Amino acid sequence: MAASEAPADSSEAALAAALADVPELARLLEIDPYLKPFAGDFQRRYKRFNETLNNIGENEGGIDKFSRGYESFGVHRCADGGLYCKEWAPGAEGVFLTGDFNDWNPFSYPYKKLDYGKWELYIPPKKNNSLLVPHGSKLKVVIRSKSGEILYRISPWAKYVTREGDNVNYDWIHWDPEHSYKFKHSKPKKPRGLRIYESHVGISSYEGKIASYKHFTCNVLPRIKDLGYNCIQMMAIMEHAYYASFGYQITSFFAASSRYGTPEELKELVDTAHSMGITVLLDVVHSHASKNSEDGLNMFDGTDSCYFHSGPRGNHDLWDSRLFAYSNWEVLRFLLSNIRWWLEEYGFDGFRFDGVTSMLYHHHGMGQGFSGDYHEYFGLQVDEDALIYLMLANHLIHTLYPDSITVAEDVSGMPALCSPISQGGVGFDYRLAMAIPDKWIQLLKEFKDEDWNMGNIVYTLTNRRYLEKCIAYAESHDQALVGDKTLAFWLMDAEMYTNMSVLTPFTPVIDRGIQLHKMIRLITHALGGEGYLNFMGNEFGHPEWLDFPRKGNNESYHYARRQFHLTDDDLLRYKFLNNFDRDMNKLEERCGWLSAPQAYVSEKHEANKIIAFERAGLLFIFNFHPSKSYTDYRVGTTLPGKFKIVLDTDAAEYGGHQRLDHNTDFFSEDFKHNERPCSLLVYIPSRVGLVLQNADMPH
């Protein structure tokens, strides 16, 4: 008897120890009791996070000081006019600074070797007090490797790099302007419901060229504001040598991409967005780095192990890129300082962390179909070095700026990713609901409209962890890329080129496409999460895919653009989708369903193709049936009284058939239906989504 009780006693003791070590672990286990067997994993992660934080405190004076690496590393003008330079190059035999300032003499300014692989150099000021290294001049770090090789490198801390003419590699330009941009506007308050406009500066013009920060500020920000988005997520800002990588192969982590303009112009963009009340997130790529060595981090000191793991662990086979050694002290300094740099220098309000699944697991998510079995999220397959780094990053961000927002791009569904660190979680505010776009694509590709499964749609839109917030989206940049199709293209395909004029009659394809495009967006927005995301141009059904200039398309910019002017043409039907997107966002702004508790779904009727649910005091009704309309259809509600239509996909201004009279009052009666205490009778035309609001509620 005693022997059989021993394991139970030891597991109880282990649980008690975990609860003692992790301040609010009890709350996490109360929310999800199925995590109890893994309490030891949460305990170990939290203890490692705390130990690292304490080590930073003891050795560096705290994370606040530790995350200011950019103030000493790199090249800096001193108050006396001299120059202070510092690098971490543990594998180097010698380090030197060269550039225009010394006529490119590689060895005239050697760095002094310090402990722990660091090197420093102080160059006294000129006698005439003129700048030793003027703004705009070129520099290089020269590395003498252990094998005696002489390597010319860009500092990992370089703040501005650019490529001249047909040069293959980027040049490091000393950025030290006499007048740097001064921010004029305060940061907006953290939105209660995030409505994100996923943006790429370079493709934001209709012309076949790389658009600028200035263009985006003057022409795109006003559109975003008008559409009712309160947040932009900026892609491809961190410098990347290869434009077609969509900004995911970073070469210079502290440099804002020069292909769109100067650092000061990016600051102006962020500041202008703030003046409009728009929160600005940076798409931060700390999951991997470009393999470039001439103008990237790779082989900086002549070894393959400077910032990255040596050998196979340091390579991502699918992405052909390098993987950071997250437990390395100087790598932590570099990455945490990089986070802080974008917050402090450019005024960003938070981050969308790219490639989190790749970071969390040693298998990087490759060849893994996550089933939701909790054993997939714990144990030896988890890269706890990377996980601790993400905890530190979230801790830093939310300590510095409590209103900052962090979003994780994770396809695995790791539990507690968006739970507070004090509960043993990783500390993200939101995760992307990546199953939702896959579901819509699957339905459009594989099923006839009459075979759509209402229960399955509702399950996909509501299947999220309790109290871990999700960003829902019908499609993002992933679906717009060449090789995939946007929802508009799946729905309307080639007819978008010929039948989008209001002067031509509705064809069945265009009619179906326009109606479903709106319905899919509305149900995703209202049911799918605590935030909503849209990729630029998709809101109006942009008629082309996205393809960056590359060898395979003869370096063409034809598809690396967004044709916003299509929505301004009164003779084209794109305006209808644009109008609907705007009014959907404006209704959410008024009613706040994204910040309301998850919806109560009262109906998912397979034969009738009806979905009905309540959220934020609104009644949402969808009829996905391709041909059947229903008169006096009974729908359940919690609220008694009079209801009015506040949004209707069938309205004329949205390219609908105007089958609903918005002057009609609907009265709910004390008649229980679908587990709701009240109900009302509604006319629901085919392929329509409508939103009803109780007249007694504030508008």
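Predicted model: local features only at pLDDT ≥ 70, side-chain atom pairs only at ≥ 80, totals over all residues.
Modeller: Local features need pLDDT of at least 70, and side-chain atom pairs count only at pLDDT 80 or more, while totals for chains, interfaces and linings use all residues. Residues are numbered from 1 along each chain as its sequence is written, and side-chain values use heavy atoms, leaving out hydrogens and water.

Colleague: What makes strand β10 largely enclosed by the rest of the structure?

Modeller: Seven of the seven residues of β10 (residues 194–200) are buried, so the strand is largely enclosed. Buried means under 20% relative accessible area, with a 1.4 Å probe and protein chains only. Strands are DSSP runs of E, at least two residues, and helices are runs of H or I, at least four, numbered from the N terminus.

Colleague: Which residues cover each face of β10?

Modeller: Leu194, Ile196, Glu198 and His200 are buried on one side, and Arg195, Tyr197 and Ser199 on the other. In a regular strand, side chains alternate between the two faces of the sheet.

Colleague: How do you know that β10 pairs with β11?

Modeller: Pairing takes at least two DSSP bridges between two strands. Five bridges join β10 to β11 (residues 231–235), and the two run parallel, so by that definition they pair. Ile196 has Cys231 as its bridge partner in β11.

Conventions:
Buried < 20%, exposed > 50% of the residue type's maximum accessible area, 1.4 Å probe, protein only.
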